[in-house]
Amino acid sequence: MRKIKYFVSIFIISAGLFFLFAPEVIPDNLQPQEIIKVAENSDVIIFFNSGGWGNTPFEKAEDFGPIVRQIQGTLNSWGYNSVVIPYNRTKNGFLGRIDGIKDFLSSFEFSSKTLAKEIEFLAEKLPDKKIVVAGLSAGGAFVTKTYDKISESAKDSILTIAAGTPFWVKSPDSQNILQLDNAGRDSLSRGEIKTMLLSLAKSPLKWISSRISGENIPLPSITNQFVGHSYDWDTMAPEIISFLEGRISRP
């Protein structure tokens with residue numbers, strides 16, 4: 001029994017040390033100079049960050065990507081060209097996940113600081129362009145934190161659209177931030193603990209049912225589906241369009 005306790009203690013200590021001191025893994029993202037080239041013919045730059053681990057490609061982000069595309073369509077109908085720049089918080093792989101967990105536990109201290117510096121650089125080099133930072137769920141928390149770290153001199157040209165931001169994240173008091181909570185139905189944004197726990201309890205059953213029916217829905221996709229946490233353009237359009245109209249003038 002003592003040997004078992006000894007080995008368990010060694011394992012826990014080793015795992016803790018690895019978690020704390022694991023080598024940093026930098027996500028793959030465009031550098032500011034590359035973004036300048038990509039965005040030179042655009043009026044609006046949209047930084048996109050998905051929920052979950054924050055590394056879902058824009059074209060595969062079925063939860064929030066369609067809304068961002070509708071934002072692009074709206075801007076286009078107003079006469080503005082826009083470009084979407086995906087921003088990854090984490091890198092695929094075990095070490096990337098470890099970094100992602102540490103970043104999440106620090107309220108995205110490192111990743112938000114990194115993006116904030118890049119946005120300030122772009123705002124300085126491209127003063128005639130508007131920058132929109134959009135994120136869902138954990139991505140909503142990330143973009144909110146990023147805006148908070150941007151200098152006051154640059155904030156006028158930065159707009160933030162955060163959907164489904166977890167209830168424990170405090171949003172800065174700014175007219176340039178739009179916090180979406182699915183018309184008050186998002187249990188994660190509202191902090192409805194009992195509803196969220198019930199959703200989590202049902203997740204394994206939903207996953208098993210999907211396997212039996214042949215749908216093979218990934219478990220993360222199921223566990224992320226808190227009540228009211230799925231967003232669609234038809235519901236969000238009035239708030240988003242009103243927000244954009246107040247800050248990006250129609251030509």
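Helices and strands here are DSSP runs, numbered from the N terminus. The model on screen is predicted.

**Stop 1: Ser137.** Select strand S3, residues 130–136, and helix H6, residues 138–149; Ser137 lies in the loop between them. Most residues other than glycine have a negative phi. Ser137 is not a glycine, yet its phi is positive, at about 60 degrees. Is Ser137 buried or exposed? Its relative accessible area is 14%, and because buried means under 20%, Ser137 counts as buried.

Which residues of H6 meet H5? They are Phe142, Lys145, Thr146 and Lys149. On the H5 side, select Glu109, Ser111, Ser112, Lys113, Leu115, Ala116, Ile119 and Glu120. Coloured by class, the contact of H5 with H6 shows four nonpolar, three polar and five charged residues.

**Stop 2: Ala183.** Move on to the loop between strand S5, residues 177–180, and helix H7, residues 187–190, and select Ala183 there. Ala183 also is not a glycine and has a positive phi, of about 55 degrees. How exposed is Ala183? Its relative accessibility is 51%, and because exposed means over 50%, Ala183 counts as exposed.

To end, show Ser137 and Ala183 together: Ser137 is buried, whereas Ala183 is exposed.

How values were computed
Residues are numbered from 1 along each chain as its sequence is written. This is a predicted model: local features need pLDDT of at least 70, side-chain atom pairs count only at pLDDT 80 or more; totals for chains, interfaces and linings use all residues. Side-chain values use heavy atoms; hydrogens and water are left out. Helices (H or I, at least four residues) and strands (E, at least two) are DSSP runs, numbered from the N terminus. Buried means under 20% relative accessible area, exposed over 50%, partly exposed in between (1.4 Å probe, protein chains only). Contact means heavy atoms within 4.5 Å. Ala, Val, Leu, Ile, Met, Phe, Trp, Tyr, Cys and Pro count as nonpolar, Asp, Glu, Lys and Arg as charged, and the others, Gly among them, as polar.
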